[in-house]
Amino acid sequence: MKKMKFLSPLLALAALAFVGCSSDDDKDAAPTATHLELTDPAQAALSFPATRQKQTIHISTDAAVSEIRVSQVKASADEADADWCIVKVESASEISVEAFDNNGTSLRTATYAIQAGSLTPVEFTVTQDFPEPENTELSISLAPDAYGSYTFTAPATGGDVTVTTVTTTAHQWTAIFCDYMGDPIENEEELPTYCTIKTTSGASGEALVINFLPNETSMMQSSAMVKISSGNAEPIQIWINQDAPLATSVTIMDVNWDEEYESPHVVSFQKDDSGADFKTEFGVDANGSVEVKIVEAGTLNEVSDSWLEAFYGMGGLTMYPSSANTTGSDRSLDVILTGQGGAELFRFQVTQAGA
């Protein structure tokens, strides 16, 4: 007679318990996240006004809400932690971002990373505006002339040229072409043809950039004026010029344009001649712009500290001694006009008597 084998009651219960636990673990195991992204890529850069506001970021992921975390990875340069901004995971598809009032005088930013499991984090940046000041301060890095006016001259070659850096306590500055009275130019036919404003607005510390066409004329171009405005500050106006290309030839005439001179031309001053009252002037007819250099007599060696003043502008050359000659002997310097490639176009041999 065969013996039948039975499991003991204790072993049977253990086996059932093992099978049951294994089944439950497989059923409750959290799936591994496979994707994480912003539903709207534009939300990678959130902008907030100066006053308190709340926004919601929408994400797409198959991760469980318990797997989603948000951490701050960067704050404004002067902040260790952006405690003005609160970020919370509201659900598996929504993250709330709340910025409190900004009572400061500058923009503030913070960058956050959304993480889900072992996926590559997704970052977004929060930028909050600041309130407009009651009294705006506005300044530029371009130095004024002796009369307090601002003038900028661009090279003849053209291209994007940085005119000045603009500093303001307001949110931003704007730049427009205006007429001589400071009124905006609304008729396109009256706008300058040789340049356009590339940065029509900017934040404090950003540059005014103007794009110039190459100047193919023989004259300086000078019909443009730019007005920079910001908040309630007094606007700043800048005369915008463009150099003519460097000349390849030049003709020197007397101040009345009656007599033509040959190079080298001799210029003499008396011992006590000093200042602009004793100036000598010449007419300059060139097919472009010329550069004026004061050099040692008979050489090309420029003199950095000279007793002679010489400058060119508006088709004329002016020179005069800056001081009387007290050396007891004659002193001499040359003034040369140069053009393209630094070529010498004309030379003046200048002497001041010493006795």
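A contact here means that heavy atoms lie within 4.5 Å. On that basis, residues 24 or more positions apart account for 68% of the contacts in the protein chain with a separation of 6 or more. The model is predicted, and its confidence is therefore described before its details.

**Confidence**

The average pLDDT of the protein chain is 89, and 90% of the residues score at least 70. Over residues 1-27, however, pLDDT stays under 50, and the model has 0 contacts beyond four places in sequence for this stretch. Where pLDDT is low, the predicted coordinates should not be read in detail.

**Overall form**

The protein chain contains 1 helix and 26 strands. Its radius of gyration is 38 Å, well over the 20 Å that the globule rule gives for 355 residues, so the chain is more spread out than a compact globule. The C-alpha trace spans about 150 × 55 × 45 Å along its principal axes.

Of the 355 residues, 36% count as buried. The accessible surface comes to about 20,800 Å², and carbon and sulfur atoms hold 50% of it. The protein chain carries 17 positive and 51 negative charges, whose mean positions are 23 Å apart.

**Selected residues in loops**

| Residue | Loop between |
|---|---|
| Pro184 | β12 (173-177) and β13 (195-197) |
| Trp257 | β18 (250-254) and β19 |
| Pro264 | β19 (260-261) and β20 (265-269) |

Most residues other than glycine have a negative phi, and most peptide bonds are trans. Against that background, Trp257 has a positive phi of about 60° although it is not a glycine. The relative accessible area of Trp257 is 44%, and this residue is partly exposed. The peptide bond from Ser263 to Pro264 is cis, with omega near 0°.

Pro184 also counts as partly exposed, at 42% relative accessibility. Which residues does Pro184 touch, not counting those up to four places away in sequence? They are Ile176, Phe177 and Cys178. Pro184 can also be placed relative to Lys227: the two are 43 residues apart in sequence, and their C-alpha atoms are 8.3 Å apart in space.

How values were computed. Residues numbered from 1 in each chain as written. Predicted model: local features only at pLDDT ≥ 70, side-chain atom pairs only at ≥ 80, totals over all residues. Heavy atoms only, no water. Helix = DSSP H or I, 4+ residues; strand = E, 2+ residues; numbered from the N terminus. Rg over C-alpha atoms; globule rule 2.2 N^0.38 Å. Buried < 20%, exposed > 50% of the residue type's maximum accessible area, 1.4 Å probe, protein only. Areas by Shrake-Rupley, 256 points an atom, 1.4 Å probe, with all protein chains shown as cover. Lys, Arg positive; Asp, Glu negative; His and termini not counted. Charge placed at Lys NZ, Arg CZ, Asp CG, Glu CD. pLDDT = per-residue confidence, 0-100.
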